Number of protein chains: 2
Amino acid sequence: MSDPLKNIRWFMEVAYDGTDYLGWQIQPDGLTVQEVLEEKLGMIYANQLIRTESSGRTDAGVHALGQAVTFSAPCRPIVQDWKLYKALNRMLPQSIRIREAREVEEKFHARFSAAGKAYTYVINRGLPNPFSDRWSWNMGDFTDLCELRKSCDRLVGVHDFSSFTVDRKEIDDAVRTIFRIEIHEFGDLVCLTFVGDGFLYKMIRSLMGTLAFAGTGKIKADEVEEILQSRKRAAAHDTAPAQGLFLMKVFYDEESMKKFKLEKPPFWN
Amino acid sequence: MSDPLKNIRWFMEVAYDGTDYLGWQIQPDGLTVQEVLEEKLGMIYANQLIRTESSGRTDAGVHALGQAVTFSAPCRPIVQDWKLYKALNRMLPQSIRIREAREVEEKFHARFSAAGKAYTYVINRGLPNPFSDRWSWNMGDFTDLCELRKSCDRLVGVHDFSSFTVDRKEIDDAVRTIFRIEIHEFGDLVCLTFVGDGFLYKMIRSLMGTLAFAGTGKIKADEVEEILQSRKRAAAHDTAPAQGLFLMKVFYDEESMKKFKLEKPPFWN
């Protein structure tokens, strides 16, 4: 038994359908995933205020399969520890599911301990469809995967991604490392998976907005590289819709980051 | 060119995410798919009232990939004919998508011309998931596919399905023909596809409620047959949730009904 007077540190992996939420982080003007989760956690911890930390915000409408969340609990939950995950899932709306919950070391932090993240963006080239279109960007003519591949290769590495972010304060550093961008086809769906050490505000949706022009044959990889080099937001194309983006996994060691591979589209189970 | 004074008869195949609708058919107490579709059709036909007929109602929360709809238009749409499908999809919410629209003969009727239908029910045996759980019944222990297969075989054929319907008027005929029930596994998903000449009110969800007991090893095929033979609703188990059910296709000839095969779960594109 651990010391009953000591805080227990928990790690959770959380999946959510972001469609009806104003993103992860608590906002004054609408419902967020964090708000709903903390409300239910409060109930489980006898109405104490439980504050959660995540690996980072996700924007309004963005989904997660593996958002990482940590919190310190001042006491044992009113359910048995191993039931925390099940009890939470019974209380939460179906749009938010806890996929894992376990005790971690006191110093473990969802954001500060992270080594990197994987995001997947889903393009649907198929017939209009009320199911997969909920979680993808429907673009019938997204067929130039060769130019898309070349364009992605220009973006991999250590770059100043100023062209692919918005609302950035000039003083902030815009240098990030993209370790790899993988393209997978599953029937009519094309999934682009970005693995990196961290991403700027709206960076992946900005990259996708420009990559969509490559995938539809409207621009060449050279132009994508020029946009990157310009370090000017105005050079890039519009931001891609939030509904196609999934935070897939947060990595806490290099090994699991290297091994990560998309086996199927994020919403195929 | 067809006679401009003659009605044009249209056939459409409509897909919808039924989660937020009170079913297909117009109701006084909530939003239905038919109401939304007729409102948009009215706009396309210069504010004339367009009445649609479907192959049949679907209940609140039930989805469709191929609901069949016919209507008579008193004039040409205000868009070019070939654009009807695209114009409607631009006006409709994303939860309702027109997959096909074409002119048909004057006597063609979505319900009366139908030879049969296919429905698919989706069971999810995987981890809790806000995506596929939206459109399936999550049952972790649904593993006895052998007893499930045997139970399905007892239900195929011409039977009085009184045990598997609700709110039936005693005078109505409850005899229906199930041509086949196919079971497909796609990763953690188990899909049961029912092909028949027609189905009673809540018949497939009633069948699934009982088949779930076979799939989880709680009853044997013999008991499923006894429930069928009893012709008593009370003998059957609870009705399965609406969210796992999809109207897949309406058939207008025997050949296409025979050839129909589920290639992937209904919401995998």
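**Figure 1. Chain A of this predicted model splits into two domains.** Domain 1 of chain A covers 8-103. Domain 2 of chain A is made of two stretches, 121-186 and 198-247. Taken over C-alpha atoms, the centres of the two domains of chain A lie 29 Å apart.

**Figure 2. Close-up of the contact between domain 1 and domain 2 of chain A.** Domain 1 of chain A brings 11 residues to this contact. Domain 2 of chain A answers with eight residues. What is the make-up of the side of domain 1 of chain A that touches domain 2 of chain A? Six of its residues are polar, four are nonpolar and one is charged.

**Figure 3. Strand β1 of chain B pairs with β3 of chain B.** β1(B) spans residues 8-16, and β3(B) spans residues 63-73. The two strands run antiparallel. Eight bridges link them. To find a place along the pair, look for B:Arg9: opposite this residue, in β3(B), stands B:Ser72.

**Figure 4. Strand β1 of chain B also pairs with β4 of chain B.** β4(B) is the run of residues 96-103. Here too the sense is antiparallel. The number of bridges between β1(B) and β4(B) is seven. B:Ala15 faces B:Arg97, a residue of β4(B).

**Figure 5. Close-up of the contact between chain A and chain B.** Chain B gives 26 residues and chain A gives 25 residues. Which strands of chain B each supply at least two residues of the side that touches chain A? They are β1 and β4 of chain B. The largest share of this side comes from β4(B), with three residues. By type, the residues of chain B that touch chain A comprise 12 nonpolar, eight polar and six charged.

**Figure 6. Chain B laid on chain A.** A turn of 180 degrees, with a shift of 0.0 Å along the axis, brings chain B onto chain A.

**Figure 7. Close-up of the rotation axis at B:Trp268.** Which residue of chain B comes closest to the rotation axis? That residue is B:Trp268. Its C-alpha lies 3.3 Å from the axis.

Technical notes:
Residues numbered from 1 in each chain as written. Chains lettered and ligands numbered in written order. Predicted model: local features only at pLDDT ≥ 70, side-chain atom pairs only at ≥ 80, totals over all residues. Pairing = 2+ DSSP bridges. Helix = DSSP H or I, 4+ residues; strand = E, 2+ residues; numbered from the N terminus. Contact = placed C-beta atoms within 7 Å. Nonpolar A, V, L, I, M, F, W, Y, C, P; charged D, E, K, R; others polar. Least-squares fit on C-alpha atoms with pLDDT ≥ 70 in both. Domains from an automatic or database assignment.
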